[in-house]
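Biologist: I would like to go through this model with you. Could we begin with the charged side chains and then move on to other topics?

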Amino acid sequence: MSGVGVRGATVGDPDCPFCHGMGYVRLDVPVGHPNFGRLFPCTCRLPQLEVQRNETLRTLGNLSALERYTFESFNPEGHGLSPERQANLRHAYETARSFARRPEGWLLLIGGYGCGKTHLAASIANYAVERGMLPLFVTVPDLLDHIRASFASNAAQPYSERFDEIRTAPLLILDDLGTENTTPWALEKLFQLLNYRYLARLATVITTNQELERIDARLRSRLADPELVEIVTILAPDFRLGGAERSASELNTLSYYSDMSFGTFDLRRHELEPPEAENLSRALTLARTYASDPQGWLILTGSYGCGKTHLAAAIANERVRLGHPALLVVVPDLLDYLRATFSPQSGASLDRRFEEVRRAPLLVLDDLGTESATPWAKEKLFQLLNFRYVARMPTVVTTVMAIKELDPKIGIRFMDVSRCTIFRVEVPPYLGGTGAMQGPSKVHRRRK
């Protein structure tokens, strides 16, 4: 090992027997060795380098502006939330606290605007500071700006040093992944950063309002590793809007189905053949069981007028009766509702309306497959259903289509027996009387 100067400067300890004040050394290794000819900081420089590293992290981070974001100032019960969303927010809070106490692995917080994910991430950082650690908290667009700035000829710190200090930070908190300008260069740098920390198993917290499927595949492969990453999806609405539950009242048609309950459902025993009556009875029992504790997805298929919409509406009405919110929407209406945001007169953005629907505690999608199957419609429906599939959110779907006739990307999720129950209602259409098909016709209740 021999001392080596850098740019003629004496940066180490003049009395150091290894570098003799030069600050860098070359290892005594044979030609062909991976470290042959490489410069390494001398051990006498390590305290100085640690000070510089901490100063860099303070400069890059923005914790001084986030001091008020602590676990003590976070309300884990939310404001006016349903019991399900309160439990979800409390789970996110407890998970973040547990990570802060023992920062190991990765924590990925997914949620809409204003749901509290940044507050929890900053709370983790501030907790680490209280314990004597120096985390790096930075939004992803700012991080990329810092890296770009290091390429300038007058940069105070060269790119290689700055990037190395970022990727080796003992605790890195990346806020708002997905809001950056996704150029090839930006994706490359983010992959290099996350891949290094993934391989080194360095403690990392990431927040995003994007579902995993919309994140670059290389990044997603690291973020979705269950052995390293704990994913928490926060369902709370934007607290800046008052925090109250938003029911997507412009779209929710459940009020039109108020008379469709389990009590008014007609089993039609007087007109059906025994196998058909047994099938309809099993459908009612399945719907009742699901309504008592909605877990996973329930897919009801069958011909028009067989009673599947009544059962789906009864599930939603039962949840509302028990004090839980539910959203029922006819699929073509949903797409019209989203398209309306493109109008200059629209008072809501597409993202805002889409968030209202896909984060509904219980979503009932009626008549899937009757919509105009344009590429845009297929994309939106896949985004909606895939988000709820990944987040394991209770969902009821009715369709007259065979599963194999649906968009394959959606159909393959329906076929996952670990999350979905498919039941075909095999009875002829109900043509009169009181019961399964009472209520406004679909032609009249569909809003234009």
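Modeller: This is a predicted model. The side chains of glutamate 104 and arginine 102 meet in a salt bridge, with an N to O distance of 3.2 Å.

Biologist: Is arginine 102 buried or exposed?

Modeller: Arginine 102 has a relative accessible area of 58%. Exposed means over 50%, so arginine 102 counts as exposed.

Biologist: How many salt bridges does a search of the whole structure find?

Modeller: The search finds ten salt bridges. Among them is the pair of glutamate 77 and arginine 90, whose side chains meet at 2.5 Å, N to O. This pair links distant parts of the chain, 13 residues apart. Glutamate 77 is in the loop between α1 (46–60) and α2 (83–101), and arginine 90 is in helix α2.

Biologist: What is the relative accessibility of glutamate 77, and what is that of arginine 90?

Modeller: Glutamate 77 has 32% relative accessibility and counts as partly exposed. Arginine 90, at 31%, also counts as partly exposed.

Biologist: And which residue meets arginine 218 in a salt bridge?

Modeller: That is aspartate 216; the side chains meet at 3.9 Å, N to O. The cut-off for a salt bridge is within 4 Å, so this pair is included. Arginine 218 is partly exposed, with a relative accessible area of 38%, and aspartate 216 is partly exposed at 26%.

Biologist: Let us turn to the sheets. What is the strand order in the sheet that contains β6?

Modeller: That open sheet has five strands in the order β5-β6-β7-β4-β8, and the pairing is parallel. Neighbouring strands are turned by 15° against each other on average, direction ignored.

Biologist: Why is one side of β5 and of β8 left without a neighbour in the sheet?

Modeller: β5 (136–139) and β8 stand at the edges, and each has a single partner strand, so one side of each lacks a neighbour in the sheet.

Biologist: How many bridges join β5 to β6, and how many join β6 to β7?

Modeller: Four bridges join β5 to β6, and the two strands run parallel. Strand β6 (residues 171–177) is joined to strand β7 (residues 203–208) by five bridges, again with the strands running parallel.

Biologist: Which residues pair up there?

Modeller: Valine 138 has leucine 174 in β6 as its bridge partner. Leucine 174 in turn stands opposite isoleucine 206 in β7. Isoleucine 173 has valine 205 in β7 as its bridge partner.

Biologist: How many residues of β6 are buried?

Modeller: Six of the seven residues of β6 are buried, so the strand is mostly covered. The cut-off used for buried is under 20% relative accessible area.

Biologist: What is the strand order in the sheet that contains β9?

Modeller: The order is β10-β11-β12-β9-β13, in an open sheet of five strands with parallel pairing. Its edge strands are β10 (327–330) and β13 (420–425), each pairing on one side only.

Biologist: Which strand is joined to β9 by five bridges?

Modeller: Strand β12 (residues 395–399) is joined by five bridges to β9 (residues 297–302), and the two run parallel. Leucine 298 stands opposite valine 396 in β12.

Biologist: Now a change of topic: where is tryptophan 376 found?

Modeller: Tryptophan 376 is in helix α12 (residues 375–391). At 21% relative accessibility, tryptophan 376 counts as partly exposed. The C-alpha atoms of tryptophan 376 and leucine 335 are separated by 9.4 Å, and the two residues are 41 residues apart along the chain.

Biologist: What is the volume of the second largest pocket, and which residues are closest to its centre?

Modeller: The second largest pocket has a volume of about 720 Å³. Its lining has 27 residues, and the closest to the centre are Leu235, Ala391, Arg392, Met393 and Pro394. The elements that give two or more residues to the lining are α2, β8 (229–234) and α12.

Biologist: How does that lining divide by class?

Modeller: The lining of the second largest pocket has 15 nonpolar, seven polar and five charged residues.

How values were computed: Residues are numbered from 1 along each chain as its sequence is written. This is a predicted model: local features need pLDDT of at least 70, side-chain atom pairs count only at pLDDT 80 or more; totals for chains, interfaces and linings use all residues. Side-chain values use heavy atoms; hydrogens and water are left out. Buried means under 20% relative accessible area, exposed over 50%, partly exposed in between (1.4 Å probe, protein chains only). On a 1 Å grid over the protein atoms alone, a cavity is a set of points where a 1.4 Å probe fits but cannot get out, and a pocket is an open set with protein on both sides within 12 Å along at least five of seven lines; lining residues have an atom within 4 Å of a point. Grid points are joined across faces, edges and corners, and a volume is the space filled by probe spheres set on the points. Ala, Val, Leu, Ile, Met, Phe, Trp, Tyr, Cys and Pro count as nonpolar, Asp, Glu, Lys and Arg as charged, and the others, Gly among them, as polar. Two strands pair if DSSP finds at least two bridges between them. Axes are lines fitted to C-alpha atoms, for helices over the stretch in contact, and angles run from 0 to 180 degrees between N-to-C directions.
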